[in-house]
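I set out to record what I looked up in this structure. The entries below are kept in the order in which I made them.

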Amino acid sequence: MTGERYGWVVVAAAFTLMLVGFTAAYSFAAFFSAFEGEFGASRGDIALVFSAAAFLWFLLGAPAGMAGDRFGPRRVALLGVAFLAAALWLASQAGSLAVLYATYSIGIGVGVGLAYVPAVGAVQPWFAANRAFASGLAVAGIGAGNIAGPLLAAWWIGWFGWRGAYQALRLFVLLLGGIAALVIRQHPTIAAAKGPAAGVTLRLAMRTRAFWLIYASGVASCVGLFVPMVHLAPYAQDAGYSAAEGVALVSLIGLGSLLGRFTVGALADRLGRVPSLVAMYMGLGVMLIVWWCTTAWWLLAVFALFFGMCYGGYVALIPTLVMDLYGGRSVSGIIGTLYTGAGLGTLFGPWLAGVAFDAFGSYDVPILVAAALSFIAGFCVLPLGRQKIEIVHRGQ
């Protein structure tokens, strides 16, 4: 099977790799209360377990992407699946929060980092006219993991306890992730091509204004992007709702994310990718203000769904915009390097939100700061709409 037909196989494999990786990551919301009870830790300290993992997977996106460009996504993704499975097994044995930092945070961070960026990058060169749509389908695996992770973990915690739930997640990751990693493949023209026609190198991309505008938008938006992933469930419990209702809200973010990835990419192919990205950032800010205004469950559900849609659309559009701007030669390396900016925001956002709650007994300040930074992210990428896409044709 060759050409765009195999590209859809690559899309399915990338979807599955992101499904298993982010199921392991976003299941964290379901374990939050168990960790509070087991280790007697503050919310800031517990949130740091997730923040550190997310920071690592974004930080490792750059070397993982470059490794994917050089060695192909299959080898790198297989290594990522191995790290994910090992992390879940070791986390199930943790006797303290410090051990979770050393096992879950590092292992999940490395595992997702190795699987995520090479898989996203592998999809882009297989498509032209439908690139944003295909990219959206692939990264929909993140949204599916956002839905499945908390729900599966909550179900397994009820049956097996939190330690047994991590063992069940390990088997899930090994089976599905291993198959997907074996199937994914780099586009043959990218593996063989050399010179300007193949696209721009990472070094040259980093010398462009567009690169740093996208980078700044990632830092700003991701300060608040993962705050509800970690804190929405305990926020709901503080408002008087059950743990199950809190976890359901986090899963609604995943549902919205899934819808956003399926719909926004196809619309962006027709309406313009830069205006669509600006709209996603602005939507995140508006939805965060909705969260700040309410404790009503139905309105929190509306927030979660539409916040997830904007998040999903944003994640679908960034890799496609990179391919538009720089071509396929170093697409995974460029995407991964841009994601280090997102990692900086992710490291501090959920952790500082937890610290703020511990200090003030409220999430008001972190939610409002996150909203303001989302609006700033939109203004960062707005100038790209006035720039000719495909600067790769300028040569080297």
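Predicted model: local features only at pLDDT ≥ 70, side-chain atom pairs only at ≥ 80, totals over all residues.

Residues are numbered from 1 along each chain as its sequence is written, and side-chain values use heavy atoms, with hydrogens and water left out.

**Confidence.** I looked up pLDDT (the predictor's confidence in each residue, from 0 to 100). The protein averages 82, and 91% of the residues score at least 70. Over residues 388–396 the value stays under 50.

**Helix α3.** I found α3 at residues 43–59; helices are DSSP runs of H or I, at least four residues, numbered from the N terminus. Its 17 residues reach 24 Å from first C-alpha to last, close to the 24 Å expected at 1.5 Å a residue. The expected span is 1.5 Å times one less than the number of residues. I saw that 13 of the 17 residues of α3 are buried, so α3 is largely enclosed by the rest of the structure. Buried means under 20% relative accessible area (1.4 Å probe, protein chains only).

**T337.** I located T337 in helix α15 (residues 331–360). T337 counts as buried because its relative accessibility is 10%.

Definitions and conventions:
Contact = heavy atoms within 4.5 Å. Helix = DSSP H or I, 4+ residues; strand = E, 2+ residues; numbered from the N terminus. Buried < 20%, exposed > 50% of the residue type's maximum accessible area, 1.4 Å probe, protein only.
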